[in-house]
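Thanks for coming. I will go through one structure this morning, starting with the terms and then the two chains in turn.

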Amino acid sequence: MTIKVEVFASPSCGQCGRVIDLLRQLAKEMSADRIDWREVNVVDEFDYAVELGVLATPAIAIDGRLRFTGLPSINALRTEFERYLTAEPGTNSA
Amino acid sequence: MSTAPSTTERSSKSQNHKQDAGQSQYRIGEMSCLTGLTADTLRYYEKIHLLRPVSRSASGIRAYDDHDLSRLRFIQRAKAMNFSLEEIARLLEMREDPQHARDEVRELTHRKLDEVEGHMKELETLRKELTLLLNLCRSTEAGCPIIEDLDRS
């Protein structure tokens with residue numbers, strides 16, 4: 001199973017680079033083919049960011065749902081990824 | 001030194017409206033201050049029956065009450081949503097006696113509720129957009145490059 005992770009970032013965002021580093025680290029640790037991630041520049045995809053409820057950067061969405069705003073700890077991020085990866089399809093609507 | 005009352009004092013005096021059996025009463029000037037509507041508009045609304053006939057003193061001075069104030073505020077909200085005066089008149093009919101409203105008025109109320117809810121969704125999206133823009137700007141010290149970028153795109 002693969003989860004889709006999106007990091008919402010902006011050019012002026014001080015913590016966005018740190019979140020992206022965390023994601024790279026986790027993708028490597030948890031096997032890259034299980035985590036399909038991309039960086040979303042909110043300036044380029046403003047409507048999409050608003051649609052998902054992003055009100056500040058950095059923010060992280062998993063499978064199209066906003067899960068974190070700000071800089072999460074690596075443990076919180078790992079736990080959430082594992083929860084999605086082990087859940088039955090369609091059960092992670094919370 | 002002048003003894004003329006200040007604007008604040010005059011405003012305060014205008015709030016000293018009469019009380020009649022627990023109901024406040026307002027002259028047309030006071031009602032105008034409370035609602036922001038002109039005296040001409042208030043008279044016009046009465047003429048086209050958006051307001052019921054306003055009671056008058058022996059000297060013919062209009063005396064509005066809280067019920068009129070409530071109707072006027074409803075009218076203002078509905079006008080802000082671009083409802084026509086004709087539609088507002090029918091909604092007021094519903095407001096006076098919801099249990100015996102005609103089918104046509106009930107349907108109009110449904111349609112207007114849908115319009116208001118659609119408008120609220122638009123406003124909610126705009127609220128999120130503005131919040132995001134402000135948060136994006138907050139982290140920059142010089143100017144607001146995000147808005148400049150959006151303007152260019």
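One definition before anything else: a residue is buried if 20 or more other C-beta atoms lie within 10 Å of its own, exposed if 12 or fewer, and partly exposed in between, with C-beta atoms placed from the backbone. By that count A:Asp63 is partly exposed, because it has 16 C-beta neighbours inside 10 Å.

Now the ground rules. This is a predicted model, in which local features need pLDDT of at least 70 and side-chain atom pairs count only at pLDDT 80 or more, while totals for chains, interfaces and linings use all residues. Residues are numbered from 1 along each chain as its sequence is written, and chains are lettered from A and ligands numbered from 1 in the order in which they are written.

On confidence, the predictor assigns the complex an ipTM of 0.80 and a pTM of 0.70. Chain B has a mean pLDDT of 83, with 76% of its residues at 70 or more; pLDDT is the predictor's confidence in each residue, from 0 to 100. In residues 1-16 of chain B the pLDDT is below 50, and this stretch makes three contacts in the model beyond near neighbours in sequence. A contact here means that the C-beta atoms of two residues, placed from the backbone, lie within 7 Å. Where pLDDT is low, the predicted coordinates should not be read in detail.

Let us turn to chain A. Four of its strands form an open sheet of mixed pairing, in the order E2-E1-E3-E4. For the labels, helices (H or I, at least four residues) and strands (E, at least two) are DSSP runs numbered from the N terminus, and two strands pair if DSSP finds at least two bridges between them. Which strands stand at the edges? E2 and E4 (65-69) of chain A do, each with a single partner strand, so one side of each has no neighbour in the sheet. Direction ignored, neighbouring strands of this sheet are turned by 25° against each other on average.

Within the sheet, E1(A) and E3(A) are antiparallel partners over four bridges, and A:Val5 stands opposite A:Ile62 in E3(A). Helix H3(A) packs on the sheet, where it touches E1, E2, E3 and E4 of chain A, and its direction makes about 145° with that of E1(A). That angle is taken between N-to-C directions on a scale from 0 to 180 degrees, with axes as lines fitted to C-alpha atoms, for helices over the stretch in contact.

One residue to look at is A:Phe8, in strand E1 of chain A. A:Phe8 counts as buried because it has 27 C-beta neighbours inside 10 Å. Leaving out residues up to four places away in sequence, A:Phe8 touches A:Val40, A:Val42, A:Ala49, A:Val54, A:Thr57, A:Pro58 and A:Ala59. Two of those contacts, A:Thr57 and A:Pro58, are joined by a cis peptide bond with omega about 0°. A:Pro58 sits in the loop between H2 and E3 of chain A.

Chain B contains seven helices and four strands, in the order α-β-β-α-α-β-β-α-α-α-α from the N terminus. Of its 153 residues, 11% are buried. Strands E2 (residues 23-26) and E4 (residues 62-65) of chain B run antiparallel and are joined by two bridges, with B:Gln25 opposite B:Asp65. E3(B) and E4(B) are also antiparallel, over two bridges, and there B:Arg56 stands opposite B:Arg62.

Last, some backbone angles. Most residues other than glycine have a negative phi, and most peptide bonds are trans. A:Asp63, in the loop between E3 and E4 of chain A, has a positive phi of about 45°. B:His49 also has a positive phi, near 70°, and is exposed because it has 10 C-beta neighbours inside 10 Å.
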